[in-house]
Structures are given as C-alpha cells and as structure tokens.
Protein chains: 2
Amino acid sequence: MGNEIKVPKGFKFYGTHVGIKKKRKDFGLIVADKVCHAAAVFTKNTFCGECIPIGKEHISNAELQAVVVTSGIANVATGKVGRENEYRIMECLANKLQVEKENILPSSTGLIGPQLPIDLIENFLKTESIEMKENYEDFAQAILTTDQQMKVRSLKVGDATLLGIVKGSGMIEPNMATMLAYVLTDAKIAKEAIYPMLKTAVDQSFNTISIDSDTSTSDTVALLASNHYEVDQIAFQTGLNQLCKDLALAVVKDAEGATKTMFVTVKNAVSQEQAKNAGKSIINSPLVKTALFGNDPNWGRIAMALGKTEGLIFDQNKVAVYYGQYPIFSNNNEEKQNISQILAYIEQNEDIYLTVDLHQGTEQFEVIGCDLSYEYVKINSDYSS
Amino acid sequence: MGNEIKVPKGFKFYGTHVGIKKKRKDFGLIVADKVCHAAAVFTKNTFCGECIPIGKEHISNAELQAVVVTSGIANVATGKVGRENEYRIMECLANKLQVEKENILPSSTGLIGPQLPIDLIENFLKTESIEMKENYEDFAQAILTTDQQMKVRSLKVGDATLLGIVKGSGMIEPNMATMLAYVLTDAKIAKEAIYPMLKTAVDQSFNTISIDSDTSTSDTVALLASNHYEVDQIAFQTGLNQLCKDLALAVVKDAEGATKTMFVTVKNAVSQEQAKNAGKSIINSPLVKTALFGNDPNWGRIAMALGKTEGLIFDQNKVAVYYGQYPIFSNNNEEKQNISQILAYIEQNEDIYLTVDLHQGTEQFEVIGCDLSYEYVKINSDYSS
C-alpha cells in the first residue's frame, strides 16, 4: 500500500459544519455520478439508531448513489421524530443533488438520546450551496467524533481503485458490522456478488477487533461500486479483505486512550470459532488490558481470561502462552528465564503479539485489541457533561 | 444487623505472616472443634487454581473441620508441583491440629503463576506454635490481597449465629461462586440440606455482583455448620440469604478504585434470567462504568448496553429508564425536564439506583456493580510489577 491515497472514478465528497457540533465539521456527503451497486452490514445492537432500519431498506435492492452522515448526535432512542428527521434530511438532499431518496444511505454518530437540530440542518440544506469535491478530506473529517485522526486507506486492484474511509475509536466491539466505514470502488461488481464480498471481508477485519467490548448502536460498513473497470473477482476480494483489515487496524490504533495494540492469536484450537471466542475473552478482559497498559507481563490474567471463556473446554496442562517469540507459560510451568526479555519486548514495542496454543486442534484465529489506560477513563467520564 | 460481630460456637481462628507477602499477614486458618457439616461452591473458570479440585474432593462427603488460606500467591497454573504443595501444607496442618487431611478445605489467592514458597511455609508450620483464637480478626486480615478493608458480617437466627468473612475486590464476576467467602454457623444443618441452602443464597447474592466482568480462578464460598443449636430451616435460609447479600455488597463497596455502587434493576422482563442478563450487560459496560465515575447521566450508554445483550429481544419504543425515582427515558423520548434533578441525584449519592423497565413481562432481577475509575486502572496496571 502506497502512502498516496487514490480516489476511485465516479465519486465526489463534501463535509461542512451545519451546527450539530459546536465548531467542528459535522455533516458529510459522498455522491456517485450514477447509481452504484452496493452492500452494507449493520450493527447487531437491538437498541439501534434510526438510520439503521432506513439503511437496511435502502440497501435491499443492492443500489445506492449517496451517503449522508451527521455526526455529533447519533439519532438513537429518538422515536418517530428521529426517524422523520432522517427523512427530512434525505428529502432535502434528493432535491438538491438530483438523487433518488431510496438511493441514499443515512448514518448518524455521536451522543445517544438527543434529537438532531433538524431546523438548522434543513435551513442549511435549503439555503447554502453544496459544492462536491474530488478530495475526500472534508468528508473524512466531518464523520469523526472522539477519533484522534482521519482514517483513510486505498489500494489498486488491476485498473480499479479501492478507497476506504472509517471513523470510530470507542464503543467498539463489532458483532457483525462496526463503526462508520465506507469503501468505494470503480470496479465492476455484480449486484449478486457485492454483499457476500463485503461480508467475507468484514468477518476477517472489523469483526476481529475490540476496543472496549461495547457494541455501538449506529454502526455501518458500506461498499459502493461505480462500475467503471472490469476486475478479476478473486483479486478484488483479496484487495477488499486487505483494505478492510487496514481500516480495522486503523480504528484500533486510534482507540480511545490506547497506548498499545495487542494481537492475540489462539492456535491449535478445535475450530476458528473456539479460537476467536478465546481471543475475544482475552482482549476484552479489563485486567489483561490494564496489565498491558502497565507493561506488566502478567500472563496469569491471560490464563484467567482464557479460563472464563464461555463454553471453552481445554486442558490447562497443555496450554502454552507466548509474548512475541518468548514462551512465558508451558507444560504448566512459568518460564521465568524469559521474563526479562519479555519485559523488554513489552516495554519497547507498541504492537504486542500474544499467542495462546491450546494444543487440541488445528484451527487458529487472530483478534486485535488494545490497553485500558487513564486516558480511556478520562475520555469516557467526560464525554457528555 | 447489629454492629457487633458475633462468633458462632465451635470455631477458632488464626492468621499470621509466613513469608508469601513481604510484610502483611498471608496465612489464615479456621478450625472447628469437631467435624462440621459443610458445603462449598467454586469458580467456573476452567483455568482454576490447584486448590479447587482438592476442595471439590474434600467437600464431596459434606464434611469439613478446617479451612486454610494462603494469600499473595494464587497457586494457579502451577501444575503438579503446585498441587503437591497444597498437600504438603495440609499434611503439616493435619499433624499439628489433629484434623483429618480430607476435612481441610484449602484456598489460595493472589498472583497467578508463581509457586508458593513451600519451604518457608513448611518450616513455619513445623517449628512455630499455632495458637488458635476466639477472635476472627487475624484470619480476616490474612486472607486479604488488594482489599481495602476486612469484610465481616454476622447475624442471629434463633439461638444460632451466622458469621461471614469474605475477601475480594477485583477479578470479580462470579458465575457460580466467587472470591473467598467463609460462612460459619453453630446451627444444626443436615448434610443433605447444606449444599442446596448455600447454592440458593449464593445465587441471590454473590452471583448478582460484578466489579470488572473478570472471573477469578480460585474463588470459593464455603459454609460450615458446627451443629450446636436447632433452628427453623426457613428462618435459617432467610438469614443465610441476608448474610450472603451483605457480604456480596461489602465486596462491591470495596471494589478496586470504585467511588460509586450501582444497583441495576431490570423489571417487567419475560424471565428472571432475561432481566439478569440485561442487568449484567449494563453493569459490565466500560462506557456505563466510566460515565458513572464522571457523574454523567449518560443514559444513552445504558440503552447501548441493553441493546447489545446477547439474545435479548425487546421493543425500544416500550423501554423506560429511571435514575432513582426520575425517568430519563420513556416513550422513546428523553425526559429532559428531569436532567438537573438526576444530575444532583448522581452527584450527591454513593449508591445509585437504576431501573430499566422492559414492559414485556412480569419478572425482575437486581444486579450490583460499580464505576470504573482512574484508580482501577492504577491498581491493575501496577499489580505485579
């Protein structure tokens, strides 16, 4: 992946301040020249935002032409009024942009509870002119909330370009989809193929990360294809997987208050699901996360978190635990001779690789998490008040 | 419950420093005059301590005469040597105290991984005299680790006395049993009755609390009855339930770094289990816990945590959320007029009562948790290193 971000053919962007947040950009648009083939996956949270059911309906024919994001308020738990507000925004946009309302995917992110300042937004859309740009930056800025930075990646597959833009740094443990992530491409992707392709990529990327085990109410990953270039479908799937992995990792790297990223591989498990559940139990444990923050090679907490994994049966005599390449526990014995090297490994690296070998099968799975710091507590005890 | 702690007939106590911790007491004993009827419940963590399988075996005939606790090292993930060390301790004690080895319940609490300093302990037990006392305080001190204070409660049921001693302030989300809790009584309790009685009490008390969603590897709740006084069995069960509730609450009150206790009642649920799962999802959410620490009435996070509850289906239009007596969300609407009263309620109280009304059944359940503070991060990022 080069450092220069490439934008696929057929998409334009917009981002501005309409008055949801105090000062920062809070309203973003992606608009395609023509109707795209599209797919999306959404949060599994039952208490979901008003955008989610609308999005599910609008994506059902695998077509989209635009994405609108309001940030600062999530439009969750806002009832009928909240739902109507989304339609009022889409109504304005449909007129203004000459796009079918049913081809707009709406997203909102931010505080749960308050209503959107709909009069401000409507007034803005009715009176101000919207100049769509080739450059994605205003849009990528506009969708952020507690994020520290824009998270944008791109790559090429044959002639086609894939561009991914994601926001999210807290309330993140995707069950099916997570955060707001938009992947745009000018590749030709058939309507029937686009959802399975996205689902495959999301399961290997966004669904392997966890910042704080909390699943957001609004999150959405969408893929829009503007159908300009023929591509090899296998090469495209590989590229899409890679892009989604890069975006997911960018989210963990931007995790609220995090100082370290932990890659946990559970190997020689009976199934990938078993390996994933065990890995998630480890990266979600507050005690594992605080130990990581303290550069503490407290593998006992790894053992504890492994042991509390719902439904996981294993033989503790066979379990081995490694930090990087160094075993810290094997044959039911603490490998004390490695402690000083492991301490140095944890202190000197931002990316910590932990491997748990169950020695009971042949499957493995990697999940990605982060530490739990003072800063996480600060950010999240200060958020709304 | 009076303030004066009463000790049931037939038990003596001991607590001292043998050298597991640097300075503080780290070795405790409870010894009964005669063999007691007894029951115990143990951690569900698969990666359990070496004491747990021994304890299960020794309790299987519903008889115990002594409890030995080593604190500072948990004797978990220590393999054959760890198991043998427990037997070596019990061997010494059996000789010294004239108690059958099979009637001793061993517990260890503290760091996972290291071996017990068995030579130190054995040498102590072989050379020093042990003077058992009527007073429980040395024992209650000896079993502590990160606890801020001793946690001891007692009550009377007819002529009989119930005494409970508990330790624990982190790594706490009991699935079946939790922490180290010893309940002693001089009531007559039949062998067949003692386990069901304990299980009933534990399900209503220790199994309703969570400090950090982590389930310890060593935890044990044991009940020993020295069989001096006839009691009404229903009155005894009521008293036992109350004592276990008081002890569980004492653990939450002593939670690592906690500044507030949150009592979450989920009501009008389809089943108690549904209500409990929803409540646990709320009290275990890092975002709910950090908001509580920040005195932030961020009920949106309550909604999020409710919505992510595995398998919970509900109608968000019918959900209502109350802080204390004040609704903050009902009829899909934020009750803004109550915000200032709710803010005052949260700021001025240490015990916060949160009620979630699902409006879809008749069952309810209360769970108890606490906030997530800087201090929790500090304590747990500093623990072993």
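This is a predicted model: local features need pLDDT of at least 70, side-chain atom pairs count only at pLDDT 80 or more; totals for chains, interfaces and linings use all residues.
**Stop 1: the interface**

Show both chains and select the residues where they touch. On the chain B side there are 54 residues in contact with 54 residues of chain A. The area buried between chain B and chain A comes to about 4,500 Å², and carbon and sulfur atoms give 57% of that area. Colour the elements of chain B next: those that give two or more residues to the side touching chain A are α8 (286-293), α9 (299-307) and α11 (374-381). Of these, α9(B) supplies the largest share, 7 residues. By class, this side of chain B has 24 nonpolar, 21 polar and 9 charged residues.

What kinds of polar pairing cross the interface of chain B and chain A? The rule finds 10 residue pairs in polar contact there, both residues at pLDDT 80 or more. The count of salt bridges across the interface of chain B and chain A is 0.

**Stop 2: aromatic rings**

Over all chains, the count comes to 18 aromatic pairs. Begin with F139(A) and Y182(A), whose ring centres are 5.7 Å apart. Their planes stand at 65°, so the pair is edge-to-face. F139(A) is in helix α4 (residues 137-142) of chain A and Y182(A) is in strand β7 (residues 180-187) of chain A, so the pair ties together parts 43 residues apart in sequence. Are these two residues buried or exposed? Both F139(A) and Y182(A) are buried.

Now select F293(A) and Y374(A). Their ring centres are 5.4 Å apart and their planes are at 90°, so this pair is edge-to-face. The pair links distant parts of the chain, with F293(A) in helix α8 (residues 286-293) of chain A and Y374(A) in helix α11 (residues 374-381) of chain A, 81 residues apart. Y374(A) has a relative accessible area of 31% and is partly exposed.

For a group that draws on both chains, select F47(A), W299(B), F314(B) and F329(B), which form one aromatic cluster.

**Stop 3: L358(A)**

Centre the view on L358(A), in the loop between β13 (351-357) and β14 (363-370) of chain A. Why does L358(A) count as buried? Its relative accessible area is 1%, and buried means under 20%, so L358(A) falls in that class.

Show the residues around it. Not counting residues up to four places away in sequence, L358(A) touches V266(A), K267(A), N268(A), A269(A), Q274(A), L306(A), L312(A), F314(A), K318(A) and V319(A).

**Stop 4: salt bridges**

The structure holds 24 salt bridges over all chains. In chain A, select E91(A) and K101(A), whose side chains meet in a salt bridge at 3.7 Å, N to O. E91(A) lies in helix α2 (residues 79-97) of chain A and K101(A) in the loop between α2 and β4 (104-111), so the pair ties together parts 10 residues apart in sequence. E91(A), at 43% relative accessibility, is partly exposed. K101(A) is partly exposed as well, at 22%.

While in chain A, select K25(A), K133(A) and D138(A), which are linked in a network of salt bridges.

Move to chain B and select K191(B) and E63(B). The side chains of these residues meet in a salt bridge at 2.9 Å, N to O. K191(B) is in helix α5 (residues 191-203) of chain B and E63(B) in strand β3 (residues 63-73) of chain B, so the pair ties together parts that are 128 residues apart in sequence. K191(B) is partly exposed at 31% relative accessibility, and E63(B) is partly exposed at 22%.

Next, select K253(B) and E350(B), a salt bridge with its closest N and O atoms 3.2 Å apart. This pair links distant parts of the chain, 97 residues apart: K253(B) is in helix α6 (residues 233-253) of chain B, and E350(B) is in the loop between α10 (339-348) and β13 (351-357) of chain B. K253(B) is partly exposed at 32% relative accessibility, and E350(B) is partly exposed at 47%.

**Stop 5: Q141(B)**

Finish on Q141(B), in helix α4 (residues 137-142) of chain B. Q141(B) is partly exposed, at 37% relative accessibility. Which residues is Q141(B) in contact with, leaving aside neighbours within four places in sequence? They are K25(B) and M150(B).

Terms used:
Residues are numbered from 1 along each chain as its sequence is written. Chains are lettered from A and ligands numbered from 1 in the order in which they are written. Side-chain values use heavy atoms; hydrogens and water are left out. Helices (H or I, at least four residues) and strands (E, at least two) are DSSP runs, numbered from the N terminus. Buried means under 20% relative accessible area, exposed over 50%, partly exposed in between (1.4 Å probe, protein chains only). Contact means heavy atoms within 4.5 Å. Buried area is the accessible area (1.4 Å probe) that two parts lose on being put together, summed over both. A salt bridge is a side-chain nitrogen of Lys or Arg within 4 Å of a carboxyl oxygen of Asp or Glu. A polar contact is a pair of N or O atoms within 3.5 Å; within protein, one must be able to donate a hydrogen and the other to accept it, and residues adjacent in sequence count only if both atoms are side-chain atoms. Ala, Val, Leu, Ile, Met, Phe, Trp, Tyr, Cys and Pro count as nonpolar, Asp, Glu, Lys and Arg as charged, and the others, Gly among them, as polar. Rings of Phe, Tyr and Trp (its six-membered ring) pair if their centres lie within 6.5 Å; planes under 30 degrees apart count as stacked, over 60 as edge-to-face and the rest as tilted.
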